[in-house]
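Good morning, everyone, and thank you for making time for this.

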Amino acid sequence: MSRKFTPKVVTANDLLEGDSIWMTADGEWTRDIAKAEYLEDADHAEARLKLAESQPGKIVGAYLADAKLGENGPEPTHFREEFRVSGPSNYTSSKHGAASHV
Amino acid sequence: MYKYSDFDEKFVRERVAQFRGQVERRIDGSLTEDEFKPLRLMNGLYLQLHAYMLRVAVPYGTLSSRQMRQLAYIAQKWDKGYGHFTTRQNIQYNWPKLNDVPDMLSALADVEMHAIQTSGNTIRNVTSDQFAGAAEDEIEDPRPYAELIRQWSTDHPEFQFLPRKFKIAITGSPNDRAVVKAHDIGLRMARNDAGETGFEVIVGGGLGRTPMEGKVVREFLPKADLLPYLEAIVSVYNLLGRRDNKYKARIKITVHENGLETIRDLVEQEFTVRRAAFSGIDQEMLAEIKPAFPKPTYIQAPTDAFTTAYDADPVFRSWVDTNTVAHQNGDYAIATISLKKHGATPGDATDAQMREMADLAEAYSHDELRVSHEQNIVLPHVHKSHLPAIHARLVAADLATANVGLVSDIIACPGMDYCALATARSIPVAQEIATRFDELKLEHEIGALKIKISGCINACGHHHVGHIGILGLDRAGVENYQITLGGDGTETFAIGQRAGPGFSDTEIVPAIERLILAYLDLRENSDETFLSAYRRLGADPFKAALYPDAEKGRKHAA
């Protein structure tokens with residue numbers, strides 16, 4: 001029995017910078033998950049993942065991540081994806097400026 | 001310290017040039033990611049959650065001040081101004097950009113360092129006792145043998161595609177500070193009945209998904225037979241080790257499934273063949289390596305200034321009592337610089353701190369530093385008269401925390417703050433435990449206690465051998481922390497036992513607090529450590545402290 005499809009976003013890491021990126025509705029990449037395309041249809045999501053995978057010159061390791069729709073757009077549902085959005089918890093407000101990567 | 005030969009230099013430079021070309025071809029599209037990934041991993045470059053990560057080998061944890069300064073320079077120029085020292089005595093940079101990595105590797109080559117074989121199914125950086133060459137209890141400095149192993153294992157053509165990664169640790173002391181029983185091969189220097197020194201060879205130890213204590217495969221190996229014997233073990237594993245299942249591919253499973261006797265027989269047969277093939281070149285190489293690890297030229301000076309400061313300054317006294325240990329030379333001490341300031345990330349040092357540690361080593365530690373597997377930095381050869389000046393400078397550099405071996409000296413893997421494999425965060429748990437016990441002002445009263453935290457089952461944080469181990473897992477989409485008790489990574493090795501159900505991220509620190517307060521009530525006196533009390537009493541009273549509600553439930557049921 002196939003599982004019920006849950007909404008997704010396409011995410012990956014930027015080839016040069018390595019940071020977390022999400023795919024927008026026009027097929028570009030953003031560092032703001034809220035601007036990502038919110039994918040509610042399984043076939044469409046697979047097609048968008050294929051499109052992402054066809055861009056090896058820009059990105060690494062594309063996959064579909066679970067998402068929910070928030071006030072400003074898609075938001076992560078799992079804590080791993082939350083950390084990919086927020087950055088490491090140890091230096092978020094420190095002089096190392098690790099949070100500035102997003 | 002060992003100096004690169006022309007061969008070493010050429011080899012490392014060639015690898016940098018090759019990798020520069022590989023990065024260029026990845027970016028211009030001539031290489032796919034699938035083609036590029038094994039190439040970048042061969043050079044220590046991972047892709048983690050938020051960025052690439054470059055893992056740099058620190059051979060057997062030994063650094064010169066020049067090398068430490070270069071690590072600082074790399075952190076400042078190409079990363080975010082800090083580096084993370086790891087449980088394998090390496091350093092990791094968390095924020096390199098792909099384009100910059102060839103320049104970073106070139107900068108490493110300038111100081112005889114590299115990132116080769118810090119990933120992949122190869123023999124990894126050999127680790128050792130961080131007090132090697134200085135420890136009072138040492139039979140012999142193990143580092144010449146570690147360097148011999150490094151040269152033998154680097155780019156060894158037979159061992160580039162092992163069933164799984166392979167880790168070797170070596171110690172020259174009976175007191176094991178290198179966790180040799182949790183390595184694929186552990187080497188412990190020993191004496192035979194004739195008084196000759198050699199190695200006890202331990203095989204098949206490991207942590208991870210299936211923790212196992214290493215088993216003695218050879219009680220006494222003459223030193224001259226070291227490389228042929230190692231080669232026999234690794235070649236037996238290379239043929240016998242499972243390649244069908246990643247989780248059963250480490251040598252600990254090979255030993256477990258085939259039995260120690262079978263492995264020993266195969267190794268001894270292979271050893272006979274291998275030894276005959278060694279023409280003596282290994283002993284010539286060892287003879288060339290040994291002079292690179294001389295005893296320091298000790299200074300002769302009075303230690304009165306130390307005694308005066310020790311008697312007068314309680315802060316200095318606390319640091320000396322906690323962070324220094326006896327040296328082979330009675331006028332000297334081994335000083336550990338804690339990278340575990342309360343509330344800070346275990347193992348992290350800023351570029352400025354790295355420079356200061358390098359300057360201190362140059363001025364006061366015969367130009368040497370060590371990285372410990374417990375994620376601290378060691379000044380191995382310090383004349384006692386210099387300790388007050390060192391301490392004053394450490395205070396100024398925010399590096400003078402007097403907590404080595406105490407509750408806040410926590411090993412923690414990078415966890416889900418950085419690592420793509422992690423199932424939960426480790427660093428914030430370590431930060432909160434350290435902060436809490438600093439608030440309670442109980443740290444020194446609690447005494448010797450090792451807490452070790454891993455953010456996934458792979459156990460980079462060595463939780464199985466923590467007196468208190470914490471394992472972070474993903475339970476139905478929520479971080480959950482399991483506690484193990486009674487682990488021990490030393491010569492009295494033990495794998496910790498799971499205490500019971502896990503705790504949420506808000507429950508874990510109060511649980512640890514209950515556990516440790518219970519220990520304070522349970523111990524016979526202040527000399528009985530947590531581990532000793534656990535061994536005397538068993539797990540039950542500690543479980544009762546962790547799960548008070550379950551205890552009540554049992555009483556009601558009865």
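Predicted model: local features only at pLDDT ≥ 70, side-chain atom pairs only at ≥ 80, totals over all residues.

**A sheet in chain B, and its surroundings**

I will begin with an open sheet in chain B, where 5 strands are arranged in the order E3-E14-E15-E12-E11 with antiparallel pairing; strands here are DSSP runs of E with at least two residues, helices are runs of H or I with at least four, and both are numbered from the N terminus. Two strands pair if DSSP finds at least two bridges between them. Residues are numbered from 1 along each chain as its sequence is written, and chains are lettered from A and ligands numbered from 1 in the order in which they are written.

At the edges of the sheet we find strand E3 (62-64) and strand E11 (324-326) of chain B, each of which pairs on one side only. From one strand to the next, the twist averages 30°, with angles running from 0 to 180 degrees between N-to-C directions, and axes being lines fitted to C-alpha atoms, for helices over the stretch in contact. Helix H3 (residues 65-78) of chain B packs on this sheet, where it touches E3 and strand E14 (368-371), and its direction makes about 90° with that of E3(B); contact means that the C-beta atoms of two residues, placed from the backbone, lie within 7 Å. Within the sheet, strand E12 (residues 332-337) and strand E15 (residues 377-383) of chain B pair in the antiparallel sense over 5 bridges, and Ala335(B) has Leu379(B) in E15(B) as its bridge partner.

Which residues of helix H7 (residues 251-258) of chain B are buried? They are Ile251(B), Lys252(B), Ile253(B), Thr254(B) and Val255(B), where buried means that 20 or more other C-beta atoms, placed from the backbone, lie within 10 Å of a residue's own. These buried residues pack against strand E9 (197-203), strand E10 (215-222), helix H6 (226-240) and helix H8 (260-277) of chain B. After H7(B) comes Gly259(B), which has a positive phi, near 90°.

Turning to the whole chain, chain B has 19 helices and 21 strands, and 53% of its 558 residues count as buried.

Finally, where the chains meet, 24 residues of chain A are in contact with 24 residues of chain B.

Notes: Buried ≥ 20, exposed ≤ 12 C-beta atoms within 10 Å, placed from the backbone.
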